[in-house]
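Thank you for making time this morning.

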Amino acid sequence: MDLLSLAVRSLELGDVKSPRENYLQVERDDVSERNDIIGERGCRLRKKSRDEPRTINLAEVAWHDTPDDCWLVIYDYVYDCTEFLKGHPGGQDVLLEYAGRDATLAFIGTGHSAVARATLERYKIGELPPKERLFRTSNGLKVSGF
């Protein structure tokens, strides 16, 4: 094998990106988005959203429990994770197990990073009504790590 063919082969291998590298790029993008909402004085600014989160009850969430339509409730917020199913590092079965239901304890129990929590914000579509909330109430359950 000559040096020229070795160099060409190394270029071909360098062009291939693993799925892990793509996931790391998502993490880098999330960190840069998070840095964009930090003010000049280091104070965290609230992003201006088009509307406040809409109220979605558990009965409606329960209808979204398929691979083509997957909603999850985490910490009393509702997330549409349909697009993220194939990209989830733990596999889509992990998410589908809780599709249409509350996945808060499973999410916290697996030790997700701050980047994973920031990624989750992309998929937020609403929140539970106050009467159906478990965690964000005055007498709600206290769960550390979120």
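This is a predicted model: local features need pLDDT of at least 70, side-chain atom pairs count only at pLDDT 80 or more; totals for chains, interfaces and linings use all residues.

**The sheet and what surrounds it**

Let me start with the sheet, in which 5 strands are arranged in the order β1-β5-β4-β3-β2, forming an open sheet with mixed pairing. The edge positions belong to β1 (54–55) and β2 (65–66), and each of these has a single partner strand, so one side of each is left without a neighbour in the sheet. When I say that two strands pair, I mean that DSSP finds at least two bridges between them, and the strands themselves are DSSP runs (E, at least two residues), just as helices are runs of H or I of at least four, both numbered from the N terminus.

Residues are numbered from 1 along each chain as its sequence is written, and side-chain values use heavy atoms, with hydrogens and water left out.

The protein has 6 helices and 5 strands, and, read from the N terminus, the elements follow the pattern α-α-β-α-β-β-β-α-α-α-β. Of its 146 residues, 28% are buried, where buried means under 20% relative accessible area, exposed means over 50%, and partly exposed lies in between (1.4 Å probe, protein chains only). The exposed surface comes to about 10500 Å², with carbon and sulfur atoms supplying 54% of it; these areas come from the Shrake-Rupley method with a 1.4 Å probe, and for residues only the protein chains shown count as cover. If we take the contacts with a separation of 6 or more, 66% of them are between residues 24 or more positions apart, a contact being heavy atoms within 4.5 Å.

Strand β4 (residues 77–80) and strand β5 (residues 124–127) run antiparallel and are joined by 3 bridges. Which residue of β5 is the bridge partner of V78? That partner is G126.

E127, also in strand β5, is buried, with a relative accessible area of 14%. Leaving aside residues up to four places away in sequence, E127 touches a set of residues that includes R54, T55, D76, Y77, V78, R133 and R136.

The loop between β3 (69–74) and β4 holds Y75, and D76 is found in that loop between β3 and β4 as well. Neither is a glycine, yet Y75 has a positive phi near 55°, and D76 has a positive phi of about 70°. D76 is buried, at a relative accessible area of 0%.

**Rings and charges**

How many aromatic pairs does the structure hold? There are 2, counting rings of Phe, Tyr and Trp (its six-membered ring) whose centres lie within 6.5 Å, with planes under 30 degrees apart called stacked, over 60 edge-to-face, and the rest tilted. The rings of Y75 and F135 have centres 5.8 Å apart and planes at 25°, so this pair is stacked. It links distant parts of the chain, since Y75 is in the loop between β3 and β4 and F135 is in the segment after β5, 60 residues apart. Both Y75 and F135 are buried.

The pair of F84 and Y123 is tilted, at 5.6 Å centre to centre with 35° between the planes. Here F84 is in the loop between β4 and α4 (92–96), while Y123 is in the loop between α6 (114–121) and β5, 39 residues apart. F84 is buried at 17% relative accessibility, and Y123 is buried at 14%.

Turning to Y77, the charged end of K124 sits over its ring, 3.8 Å from the centre, and the charged end of R136 also sits over the ring of Y77, 3.9 Å from the centre. For this, NZ of Lys or CZ of Arg must be within 6 Å of the ring centre and within 35 degrees of the ring normal.

**The cysteines**

To finish, a search of the whole structure finds 0 disulfides, a disulfide being a pair of cysteine sulfur atoms within 2.5 Å. C70 is in no disulfide, and its nearest cysteine sulfur, that of C81, is 5.7 Å away. C70 is buried, with a relative accessible area of 0%, and C81 counts as buried at 3% relative accessibility.
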